[in-house]
Amino acid sequence: MHKVGLRGWLALCLSVLVLGLSGCSKPDPLAQLEEEARLLADNLDNKRTSAVMDQLHAQFHAQDSEYDRDWAKRTMTLMFLRHNTVHVLPLGVQSRVLSAERGETTAQVTLAGAAQLLPNAASSYAVRLEWWREGDRWQLARLTWE
């Protein structure tokens with residue numbers, strides 16, 4: 001009886017070890033990229049300027065280098081001060097991994113801002129976000145819109 005108990009305990013330990021090791025496998029880069037894009041929209045919706053800035057790559061530029069990280073921070077601050085609520089409504093979001101170090105997300109995005117309950121400003125854009133891999137996470141490096 002003691003040997004059966006020991007075998008059962010060993011089997012349980014091995015099972016836990018195997019499950020633990022399977023959790024250590026590399027995360028899916030596409031799933032990580034999609035989550036980072038979702039988190040960006042959520043951070044903008046919730047007016048988290050510092051969280052958005054953490055998602056921007058050190059070499060971030062928008063509209064073919066016309067705008068940089070400082071511009072992004074100033075623009076968010078102004079938008080968040082001007083509107084009590086901000087909504088980012090992404091439609092047709094498509095993300096893909098281009099290489100081990102590059103990925104992109106394209107979407108049709110509506111930005112809506114409201115001083116009270118009803119939106120008093122809304123604009124739609126076709127956006128392309130280029131993500132660069134930094135360590136174990138994706139950071140937004142390039143942003144273009146039409």
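Q: Before we start, what should I know about the numbers?
A: Residues are numbered from 1 along each chain as its sequence is written, and side-chain values use heavy atoms, with hydrogens and water left out. Because the model is predicted, local features need pLDDT of at least 70 and side-chain atom pairs count only at pLDDT 80 or more, while totals for chains, interfaces and linings use all residues.

Q: How many helices and strands does the protein have?
A: Helices (H or I, at least four residues) and strands (E, at least two) are DSSP runs, numbered from the N terminus. Here there are four helices and six strands.

Q: In which sense do S1 and S6 pair, parallel or antiparallel?
A: Parallel, over three bridges. As a spot to look at, Leu56 stands opposite Leu140 in S6. S3 and S4, on the other hand, pair in the antiparallel sense over eleven bridges. They form a hairpin with four residues between them, and Arg96 stands opposite Glu104 in S4.

Q: Which residues of the largest nonpolar core touch the most other members?
A: A nonpolar core is a set of buried Ala, Val, Leu, Ile, Met, Phe, Trp, Tyr and Cys residues joined through side-chain atoms within 4.5 Å. Buried means under 20% relative accessible area, exposed over 50%, and partly exposed in between (1.4 Å probe, protein chains only). The largest core has 24 residues, and Leu40, Leu44, Phe60, Leu129, Trp131 and Leu140 touch the most other members. H2 gives the largest share, five residues. Now pick Leu129: setting aside neighbours within four places in sequence, its contacts include Leu40, Leu140 and Leu143. Across the protein, buried residues make up 30% of the 146 residues.

Q: How many aromatic pairs are there?
A: A pair of aromatic rings is described by the distance of the centres and the angle of the planes. Rings of Phe, Tyr and Trp (its six-membered ring) pair if their centres lie within 6.5 Å; planes under 30 degrees apart count as stacked, over 60 as edge-to-face and the rest as tilted. A search of the whole structure turns up three pairs. One of them is Tyr67 with Trp145, stacked at 6.2 Å centre to centre with 15 degrees between the planes. This pair links Tyr67 in strand S2 to Trp145 in strand S6, 78 residues apart. Tyr67 is partly exposed at 25% relative accessible area, and Trp145 is partly exposed at 24%. Trp71 also stacks with Trp145, at 5.9 Å and 10 degrees. Trp71 is in helix H4 and Trp145 in strand S6, so this pair ties together parts 74 residues apart in sequence. Tyr67, Trp71 and Trp145 form one aromatic cluster.

Q: Where does the charged end of Arg102 sit?
A: A charge sits over a ring if NZ of Lys or CZ of Arg is within 6 Å of the ring centre and within 35 degrees of the ring normal. The charged end of Arg102 sits over the ring of Trp132, 4.1 Å from its centre.

Q: What is the phi of Lys47?
A: Most residues other than glycine have a negative phi. Lys47 has a positive one, near 55 degrees, and is placed in the loop between H2 and H3. Ser65 also has a positive phi, about 75 degrees, and lies in the loop between S1 and S2.

Notes: Contact means heavy atoms within 4.5 Å. Two strands pair if DSSP finds at least two bridges between them.
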